[in-house]
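Visitor: I am new to this structure and would like a short tour. Could you show it to me, please?

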Amino acid sequence: MSNLTKAPQPIAPANPGQAPKIGLVSLGCPKALVDSERIMSTLRSQGYSFSRDYAGADIVLVNTCGFLDSAKQESLEAIGEALNENGRVIVTGCLGVEEELIRKTHPSVLAISGPHQYENVVNAVHEHLPPVPNRFIDLVPEQGLKLTPRHYAYLKISEGCNNRCSFCIIPQIRGDLASRPAAGILGEAEGLIRSGVKELLVISQDTSAYGLDIKYAESNYRGRPVKAKFYDLAKELGQLGAWVRLHYVYPYPHVDAVMELMAEGLVLPYLDIPFQHASPKVLKAMRRPAHQEKTLNRILDWKRQVPDLTVRSNFIVGFPGETEEDFEVMLDFIEEAEIDRAGCFKYEPVTGAPANELDGIVPDDVMQDRFERLMEVAQNVSAGQLAKKVGRTIDVLVDDVDPDNNRVIARSKWDAPEIDGQVIVSDADGIKVGDLVSVTVTDSDEYDLFAVPAKPTN
Ligand code: SF4
C-alpha cells in the first residue's frame with residue numbers, strides 16, 4: 001500500500017472567478033497522479049477552476065486505485081465520502097474497470113471510466129458540468145486553435161492503422177489503430193459547429209475501421225450510449241446539422257449501410273476511397289485489402305442506391321511489377337466505376353517500406369507515360385460526370401470571394417476542399433465566405449462547375 005496516497009482530499013489550484021468548479025480526489029500510485037494532472041490540465045485549459053473543498057465544488061472527480069483489495073476498499077470509501085459531502089461524483093482510474101462493483105456500492109455516481117481514459121473523463125465532466133466559454137480570459141477558443149477557415153474543419157476520429165500496405169510506413173510511425181471514444185468526437189463536433197463550422201471532414205488512416213481496436217465500445221453522449229462504430233458515428237454526426245464528409249473509407253461490406261444515411265441527406269453523397277490500384281496482382285503486392293471485381297460491383301451498387309454519390313480516389317502508377325496489362329486494368333476500373341475524382345501518384349520508394357524489396361522496377365519514362373494516360377482518362381470521366389450536373393440547382397458552400405469579378409469560389413457536396421474542383425458562381429452580389437447558397441449550374445469543364453445564384457421560388 002506504499003503506492004497509495006493516503007488522505008483522499010480534493011486537490012486543486014485556487015482560481016477565483018465564475019468558472020465551473022471541480023473538486024479532485026486523487027488516489028493511488030504516481031501513474032494515477034500523473035493521470036490526475038493531465039485531466040486537470042485539460043480541464044483548466046477549457047476554463048474550469050478547482051475547489052479545495054467539497055462544498056465549493058460543482059462536481060467531484062475521484063481518481064481511484066484498484067491495485068489491492070484494501071486499495072479498492074479505500075477507493076469505494078472515498079467515492080462514498082464525496083457523494084455524502086457533495087453528491088455529484090464522477091469516477092475514473094483503475095477501479096473504474098470494475099464498473100459493476102462501483103454501481104452496486106454507489107448507484108448514484110454520474111459516470112465511470114477506467115485508467116488513462118482522459119477523453120472519457122473530460123467528456124463526462126462536459127456532460128454533467130458544461131464548460132462556460134469566456135472569450136476574454138480563455139487562452140484557447142472553444143473549438144480549439146484551427147488552421148482551416150472558420151466554415152470547415154477536419155475531425156480526426158482515430159490514429160494509426162492496422163493495415164500493412166507494403167508501400168507505407170505510417171503504421172511504423174503512428175502505430176496500430178487507436179480510436180477515440182464516440183462521445184469525445186461528437187462533443188468536439190458540436191463545439192466546432194457552435195463556433196461556425198458548417199462542414200465536418202471526417203479523417204483518419206482508415207475511417208471504415210473506426211472502433212475495431214476498442215471493440216466498438218459505447219460512451220455516454222447526451223445521456224445515452226453511442227457505439228464507437230463507423231455507421232453509428234456517421235449517423236450521430238449527420239444529426240448535428242453540418243455537412244459531414246467521409247474521407248479514407250475502404251470498400252468493406254459494412255460501409256454499405258452508410259448509403260442509407262446518404263440517401264436520407266444526413267451524410268454527404270461523397271466517399272474518399274484511396275484505391276491505389278485495381279489490378280488484383282498489384283493490390284496483392286501492395287497488400288491492400290480488396291478484390292477488384294467485388295469492389296467494382298460494390299461501387300456500382302452504391303451509385304445505384306445513391307445516384308448523386310461522388311467517389312474520389314488516389315491511384316499509384318509504376319508500383320514494382322506493374323505491367324502494361326495491370327495498368328490497363330486500372331484504367332478500365334476508373335472508367336467502369338466512374339471514379340468522379342481521381343488523383344495519381346508516381347510510385348516512390350519510401351525508406352523502410354517493404355515494397356522496396358520487390359522486383360520489377362518500372363522505368364521513369366514508362367511511369368511518366370502511365371501517369372499522363374491515367375490523368376487523361378480521369379479527366380474525361382470527371383468532365384462527363386460534371387456535365388450531368390448542368391441545369392441542376394444545388395447548395396454550395398462559399399470558400400472565397402472575388403469582388404473584382406463579382407463572383408465567389410464555392411464548393412458543392414461533391415467537392416472536398418483543396419483536393420477537388422470548385423463551383424464558380426457569377427453575379428454573386430452580397431454573398432460572403434462561409435455562406436451556404438443555392439445556385440443553378442450553367443456550365444462545366446474537366447474539374448469545375450459554373451453557376452449563378454438560383455432564382456427564388458414562390
Ligand atoms: S496506406 Fe493507409 S491503409 Fe495502408 S498501411 Fe498506410 S495508412 Fe494504413
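Guide: A word on terms to begin: domain bounds come from an automatic or database domain assignment. On that basis, the C-alpha centres of domain 1 and domain 3 lie 50 Å apart. This is a predicted model, in which local features need pLDDT of at least 70 and side-chain atom pairs count only at pLDDT 80 or more, while totals for chains, interfaces and linings use all residues. Residues are numbered from 1 along each chain as its sequence is written.

Visitor: Which residues belong to domain 1, domain 2 and domain 3?

Guide: Domain 1 covers 21–128, domain 2 covers 152–387 and domain 3 covers 393–453.

Visitor: And how many helices and strands are in the protein chain?

Guide: The protein chain has twelve helices and 20 strands. Helices (H or I, at least four residues) and strands (E, at least two) are DSSP runs, numbered from the N terminus. Along its principal axes, the C-alpha trace spans about 70 × 60 × 35 Å.

Visitor: What does UniProt list for "binding site"?

Guide: The unreviewed UniProt entry lists Cys 29, Cys 65 and Cys 94 under that name. These residues span 66 residues in sequence, yet no two of their C-alpha atoms are more than 10.2 Å apart, so they gather at one spot. Please note that UniProt positions are given in the numbering used here, feature names are shortened, and annotations may be inferred rather than shown by experiment.

Visitor: Where is Cys 29, then?

Guide: Cys 29 sits in the loop between strand E1 (21–26) and helix H1 (30–45). Cys 29 counts as partly exposed because it has 16 C-beta neighbours inside 10 Å. The rule is that a residue is buried if 20 or more other C-beta atoms lie within 10 Å of its own, exposed if 12 or fewer, and partly exposed in between, with C-beta atoms placed from the backbone.

Visitor: Is Cys 94 buried or exposed?

Guide: Cys 94 is buried, since 23 other C-beta atoms lie within 10 Å. Its place is the loop between strand E4 (89–93) and helix H3 (99–105). Leaving aside residues up to four places away in sequence, Cys 94 touches Gly 28, Ala 32, Thr 64, Cys 65, Gly 66, Phe 67 and Pro 115. Two residues are in contact if their C-beta atoms, placed from the backbone, lie within 7 Å.

Visitor: Changing topic, which residues have the most contacts inside the largest nonpolar core?

Guide: They are Leu 200, Leu 233, Ala 234, Val 244 and Val 425, in a core of 84 residues. Helix H6 (residues 182–194) gives the most to this core, with six residues. Domain 2 (152–387) and domain 3 (393–453) both give residues to the core, so it lies between them. Apart from it lies another core, of 35 residues, including Leu 43, Ala 82, Val 122 and Val 125. A nonpolar core here is a set of buried Ala, Val, Leu, Ile, Met, Phe, Trp, Tyr and Cys residues joined through C-beta atoms within 7 Å.

Visitor: Which residues surround the ligand?

Guide: The ligand is surrounded by Cys 161, Asn 163, Arg 164, Cys 165, Cys 168, Ile 170, Pro 171, Gln 205 and Asp 206. Being near means that a residue's C-beta atom, placed from the backbone, lies within 6 Å of the molecule or strand in question. This shell divides into five nonpolar, two polar and two charged residues. For that count, Ala, Val, Leu, Ile, Met, Phe, Trp, Tyr, Cys and Pro are nonpolar, Asp, Glu, Lys and Arg are charged, and the others, Gly among them, are polar.

Visitor: What does Gly 196 touch?

Guide: Gly 196 touches Arg 150, His 151 and Gly 434, not counting residues up to four places away in sequence. Gly 196 is in the loop between H6 and strand E9 (199–203). With 13 other C-beta atoms within 10 Å, Gly 196 is partly exposed.

Visitor: What is the phi of Glu 338?

Guide: Glu 338 has a positive phi of about 50°, although it is not a glycine. Most residues other than glycine have a negative phi. Glu 338 lies in the loop between helix H11 (324–336) and strand E15 (341–346). Asn 406 also has a positive phi of about 50° without being a glycine, and Asn 406 is found in the loop between strand E16 (393–402) and strand E17 (407–411).
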